Amino acid sequence: MGLHNFIIFFLLSLTSLSFPPVSARIFPDTSSIPPGLFPNNATAAAWDNFKKLSGCRAGQKLDGLNKLKQYFHDFGYIPNTFANFTDDFDDALESALKTYQQNFNLNVTGELDEQTLSQLIKPRCGNADIVNGTTAMNSGKWTPPFNTTSHFHTVGHYTFFPGSPRWPDSKRDLTYAFWPGNNLTTEAKSVFTRAFDRWSTVIPMTFAETDSFTIADIRIGFFSGDHGDGEPFDGVLGTLAHAFSPPSGRFHLDGDENWVVSGDISDSSIISAVDLESVAVHEIGHLLGLGHSSVEDAIMYPTIPSRTRKVELAQDDIDGVQQLYGKNPNYNGSSSTSSVQESDTSGAHYAHSNWGLISLLMAVGFFCLVL
């Protein structure tokens, strides 16, 4: 009995230290957001300070460039070989900036112009655009010769994680569960049901909720700051969520965002209001094996402004996911919808996680309980 009690105590301690309960800020609609958040200008968005870098170019030195370099490092534009970031606008930053501009269909100037800064400060997915130095977004596309403008407006397309990981053929009916510490309402959970349905409409896969978080194929949770996977969230706006490539099944959302479940979010007086289903549909694309796309209308485009709803799969999304899994025989062909190792293929910057260890230990604890 002593060993049993020790294992149970250790498991409870481990899980509580790694993933403490978080009450996610989820609102039924924009009108239900507490008046104390109006007009919600007191807290600056995560990357608003980049605005002061406007006009900066190679050879200059300006306070705050080190943070911009960290941003580019986090999303794969500056390799891991660089450790100490300075405030110098050096060759590494200029190269990263040009690659970023090409990926997002911007004029490739190598300077921090207004158009580029406007894109940089938008809320976005936490998954990297470039993984292991390789990108399949616009900067990785071949540009036809003798076309002086094509590198500004190259048509992007769907991408995959390195090695094109996907769920095995034996896993076509996936389960998902929610982190118990979030205590989500039925209304909030229904948002994810709709998001999963958008993908199952076009591929021969199903998604069903289960109460068993430890054995679910996909595990969804809202967390704040450092939550144990090496990819801490940054508060209001900035990084909204991240998800890992198959078969990891980890899907994490920033608990500090002002998530909205339904209604017209575009007219919200809360400048930080984020449409939950829009982000959920995007992250499920990562869970299925899709990377980021340079097609701005695609669900898998990396950024989404606050107060924006974007839930319909574009043809780019559909083509990509059907290349991985085939076509749902009941899909009518409409271009819109209504309804490897984790550390090697994760788009959230290859962070090692203790999810697998926790699940294993909890299973051992359960076995001991029934002995």
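Throughout this briefing, a residue is called buried when its relative accessible area is under 20%, exposed when it is over 50%, and partly exposed in between, using a 1.4 Å probe and protein chains only. With that in hand, R57 counts as partly exposed, because its relative accessibility is 36%.

Please keep in mind that this is a predicted model, in which local features need pLDDT of at least 70 and side-chain atom pairs count only at pLDDT 80 or more, while totals for chains, interfaces and linings use all residues. Residues are numbered from 1 along each chain as its sequence is written, and side-chain values use heavy atoms, with hydrogens and water left out. Helices (H or I, at least four residues) and strands (E, at least two) are DSSP runs, numbered from the N terminus.

**Salt bridges**

- The structure holds 14 salt bridges, a salt bridge being a side-chain nitrogen of Lys or Arg within 4 Å of a carboxyl oxygen of Asp or Glu.
- One of them pairs R57 with E111, with 3.3 Å between the closest N and O atoms. R57 sits in the loop between β1 and α2 and E111 in the loop between α3 and α4, so this pair ties together parts that are 54 residues apart in sequence. E111 is partly exposed, at 30% relative accessibility.
- E94 and K98 also join their side chains in a salt bridge, at 3.7 Å from N to O. Both belong to helix α3, and because they are four residues apart there, about one helical turn separates them. E94 is partly exposed at 22% relative accessibility, and K98 is partly exposed too, with a relative accessible area of 34%.
- E312 and R198 form another salt bridge, their closest N and O atoms being 3.6 Å apart. This pair links distant parts of the chain, with E312 in the loop between α6 and α7 and R198 in helix α5 (residues 186-200), 114 residues apart.
- Is R198 buried or exposed? At 6% relative accessibility, R198 counts as buried, whereas E312 is partly exposed at 37%.
- Salt bridges with shared partners connect R194, R198, D275, E277, R309 and E312 into one network.

**A buried lysine**

- K310 lies in the loop between α6 (276-288) and α7 (315-325).
- A polar atom of the K310 side chain lies 2.7 Å from the backbone oxygen of E296.
- Leaving aside neighbours within four places in sequence, K310 is in contact (heavy atoms within 4.5 Å) with S278, E296, D297, A298, I299, Y301 and I304.

**Cavity and pocket**

- On a 1 Å grid over the protein atoms alone, a cavity is a set of points where a 1.4 Å probe fits but cannot get out, and a pocket is an open set with protein on both sides within 12 Å along at least five of seven lines; lining residues have an atom within 4 Å of a point.
- The largest cavity has 14 lining residues, and those nearest its centre are S278, H282, I299, Y301 and I304. Two or more lining residues come from each of β2 (124-125) and α6, with α6 giving the largest share, four residues.
- The largest pocket is lined by 18 residues, with W47, D74, P232, D234 and T239 closest to its centre. The largest share of this lining, four residues, comes from α2.

**Backbone details**

- The peptide bond from P246 to P247 is cis, with omega near 0 degrees, and P247 is placed in the loop between β6 (239-243) and β7 (250-254).
- N105 is not a glycine, but its phi is positive, near 60 degrees; N105 lies in the loop between α3 (91-103) and α4 (114-120).
- R307, also not a glycine, has a positive phi of about 60 degrees, and is found in the loop between α6 and α7.

**Far in sequence**

- P28 and S262 are 234 residues apart in sequence, yet 6.0 Å apart in space from C-alpha to C-alpha.

Technical notes: A polar contact is a pair of N or O atoms within 3.5 Å; within protein, one must be able to donate a hydrogen and the other to accept it, and residues adjacent in sequence count only if both atoms are side-chain atoms.
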